[in-house]
Amino acid sequence: MICLRVLANGAPPGTAVYNASPSDAAVRSKAADVRHTGLLLMPPLIRCEDLWKVYRLGDVDVQALRGLDLSIEPGEFVAVMGASGSGKSTLMNILGCLDQPTKGRYSLNGTDVATLRPDRLAEIRNRHIGFVFQSFNLIPRTSALENAQLPLFYRGLPWREQRARATAALAGVGLQGREHHYPTQLSGGQQQRVAIARALIGGPSLLLADEPTGNLDTGSSREIMAILDRLNKDQGITVILVTHEQEIAAHASREIVIKDGRIQADRRREAAAALWPAEA
Ligand code: ADP
Ligand code: MG
């Protein structure tokens with residue numbers, strides 16, 4: 001409790017990490033200390049309770065999530081698996097504040113985000129969450145640098161700072177020298193690395209990756225997974241990754257399986273298998 005109070009600067013427990021900026025490495029390491037003592041005093045990073053998502057298609061209701069419960073602690077690396085149509089992307093979109101549940105609670109760092117207004121959701125996305133998609137979702141006819149700097153543009157940072165940080169973010173994923181290439185001038189793996197740079201540039205504490213290697217060859221998949229491993233292990237970023245492939249899921253320390261909009265299985269691995277070496 002003492003730990004929490006110190007972190008929260010007098011704010012009520014549950015607001016600690018959120019107020020202190022989740023990208024603050026010291027706070028995260030403090031959170032890890034607390035967890036390792038076995039005294040779980042921090043709220044989970046993610047808590048979903050009885051989460052429902054119903055899409056209306058004409059006269060038909062599609063129940064994509066049907067009362068899903070899930071908790072994820074800061075610093076976890078979670079693989080989400082399940083058949084096509086089981087609700088994985090729906091869940092990721094809600095976790096990433098791109099969409100809201102029809103019913104149920106979703107709290108992120110102790111804040112209930114299920115009912116927040118769109119502008120607050122956008123702010124949380126911009127500051128705390130990075131999203132990587134299977135299809136990269138880069139803006140065409142726009143350079144790697146401009147794609148990577150976009151979140152900082154929305155934040156209204158000075159142009160020079162946007163450029164400097166985007167240049168560094170691209171270098172961080174091995175794309176120095178490619179700053180002025182357009183997406184069509186880059187390989188799939190390189191485009192996904194631009195997308196990762198864009199996801200990371202705002203200093204998120206949570207990275208969501210929906211089948212990030214789904215469109216990539218084995219070599220590029222390795223490179224992307226080496227980056228995700230590094231972000232999780234070295235920087236303590238929480239990673240949630242949807243994949244169909246067992247070798248990809250083996251990078252995670254926890255695997256959940258979704259079936260028909262609910263958690264069917266949830267298992268932890270003792271040590272994440274280093275199936276692939278960090279070097280490509
Ligand atoms: P997964 O990612 O596991 O393949 P999804 O979350 O994309 O599954 O989809 C879950 C279910 O919700 C599917 O039946 C899908 O057709 C439906 N669905 C997803 N998005 C929409 C949408 N925007 N409108 C209507 N139905 C949707
Ligand atoms: Mg999907």
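How many bridges pair β1 and β2, and in which sense? The two strands pair in the antiparallel sense over 10 bridges. Two strands count as paired if DSSP finds at least two bridges between them. Helices (H or I, at least four residues) and strands (E, at least two) are DSSP runs, numbered from the N terminus.

This is a predicted model, in which local features need pLDDT of at least 70, side-chain atom pairs count only at pLDDT 80 or more, and totals for chains, interfaces and linings use all residues. Residues are numbered from 1 along each chain as its sequence is written, while chains are lettered from A and ligands numbered from 1 in the order in which they are written.

First, confidence. pLDDT is the predictor's confidence in each residue, from 0 to 100. The protein chain averages 86, and 81% of the residues score at least 70. Residues 1–27 stay under 50. Where pLDDT is low, the predicted coordinates should not be read in detail.

Now the overall make-up. The protein chain has 10 helices and 10 strands. Of its 280 residues, 42% are buried. A residue is buried if 20 or more other C-beta atoms lie within 10 Å of its own, exposed if 12 or fewer, and partly exposed in between, with C-beta atoms placed from the backbone.

Return to β1 and β2. They belong to an open sheet of four strands, in the order β2-β1-β4-β5, with antiparallel pairing. The edges are β2 and β5 (111–112), each pairing on one side only.

β3 (residues 77–81) and β9 (residues 254–259) run parallel, joined by four bridges. V80 stands opposite I256 in β9. β9 then runs antiparallel to β10 (residues 262–268), with six bridges. There, I256 has D266 as its bridge partner. β9 and β10 form a hairpin with two residues between them, and D260 in the turn has a positive phi of about 50 degrees.

L241 counts as buried because it has 27 C-beta neighbours inside 10 Å. Beyond four places in sequence, L241 is in contact with A79, V80, A209, P212, L228 and A252. Contact means C-beta atoms, placed from the backbone, within 7 Å.

Last, the helices. Among the buried residues of α6 (residues 144–155) are A144, L145 and A148. Their cover includes α5 (118–128), α7 (159–172) and α8 (188–200). L170 is in contact with A144, L145 and A148, among others, and with A197. L170 and A197 have the most contacts inside the largest nonpolar core, of 64 residues. Such a core is a set of buried Ala, Val, Leu, Ile, Met, Phe, Trp, Tyr and Cys residues joined through C-beta atoms within 7 Å. Its largest share, six residues, comes from α8.

Terms used
Two residues are in contact if their C-beta atoms, placed from the backbone, lie within 7 Å.
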